[in-house]
Amino acid sequence: MRVVPAEIIEQKVYEAINQAVCILPDDVKDSLHKAYTSEEGIAKYTLENLIKNIDLAQQKMRPVCQDTGAAVFFVEIGEDVFVEGSLKDAINRAVSKAYTDFYLRKSMVKSPIERENTLDNTPAIIHIDMVKGDKITIHFMPKGFGSENKSALCMLTPADGVEGIEKFVVETVKKAGSDPCPPILVGVGIGGTFELAALLSKKALLRKVGQRHHKKYLAELEERLLERINSLGIGPEGFGGKTTALDVFIEEFPTHIAGLPVAVNICCHVARHVRIEI
């Protein structure tokens, strides 16, 4: 049994937050550069400015986007690990301190009805999973709501099949238009239950651009959806072009014989996430 003090988790998360909101993952930056070489006209000009913004944010260690998001965490705890103290409290302390110390925008409200700001961007959204091993892996995703608000879930029937899945995903992106600041990343969750499909769609966004699903039929569906989405012609920031999405990621889970839940979680081109291993 390995003992990990909650204070260690708090410090690691605190250090990672500023990095995540200021520095995009290399795979996202590379995909934007690749899109830039293939575009022309206003689409190319738009991508050029998006890339400049990303580079300046990293150089000056300033947030890439003013919406520093809801603080979303996916935590995998090894079965041979004992956390000394409260893991959730440690993460929330780190969020509170980091969003205050680094002057990041505080976007969380205490009640969705009364709308009073919590003033430190807590509480964090924390998803915990138990896995084999003696390590703790934490994925931090500051999720902005320009794209989150354009996400959707549909309870399809088995008769809708793959054709129904494709139609729903493409229509969701088409309806979103320029609002989620394309080029976007699209996470798709298929199966499970109402709530699990949504969770899978968000977790799918942790994959690297170009990383296809290990199941061939899902990898083929990812590629087909990416092609269909980019054929919509929405383009960078909605100005038209070949690049509406940088990639599509699918995660699936077994489901009930009577159901086919499908969720789409959209992420803007500022696809911020960081991995912490303890």
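User: Two strands pair if DSSP finds at least two bridges between them. Over how many bridges do E2 and E5 pair, and in which sense?

Analyst: This is a predicted model, where local features need pLDDT of at least 70, side-chain atom pairs count only at pLDDT 80 or more, and totals for chains, interfaces and linings use all residues. Residues are numbered from 1 along each chain as its sequence is written, and side-chain values use heavy atoms, without hydrogens and water. Strand E2 (residues 70-78) pairs with strand E5 (residues 136-143) over 8 bridges in the antiparallel sense; strands are DSSP runs of at least two residues (E), helices of at least four (H or I), numbered from the N terminus. Lys143 in E5 is the bridge partner of Ala70.

User: And which way do E2 and E4 run?

Analyst: E2 and E4 (residues 125-131) run parallel, joined by 7 bridges. Val75 has Ile128 of E4 as its bridge partner.

User: What is the strand order of the sheet?

Analyst: The order is E4-E2-E5-E10, in an open sheet of 4 strands with mixed pairing. E4 and E10 (274-277) each have a single partner strand, so one side of each lacks a neighbour in the sheet.

User: Changing topic, why is E2 largely enclosed?

Analyst: 8 of its 9 residues are buried, so E2 is largely enclosed by the rest of the structure. Buried means under 20% relative accessible area (1.4 Å probe, protein chains only).

User: Where does Thr137 stand?

Analyst: Thr137 stands opposite Glu277 in E10. E5 and E10 run antiparallel, with 4 bridges.

Key
Buried < 20%, exposed > 50% of the residue type's maximum accessible area, 1.4 Å probe, protein only.
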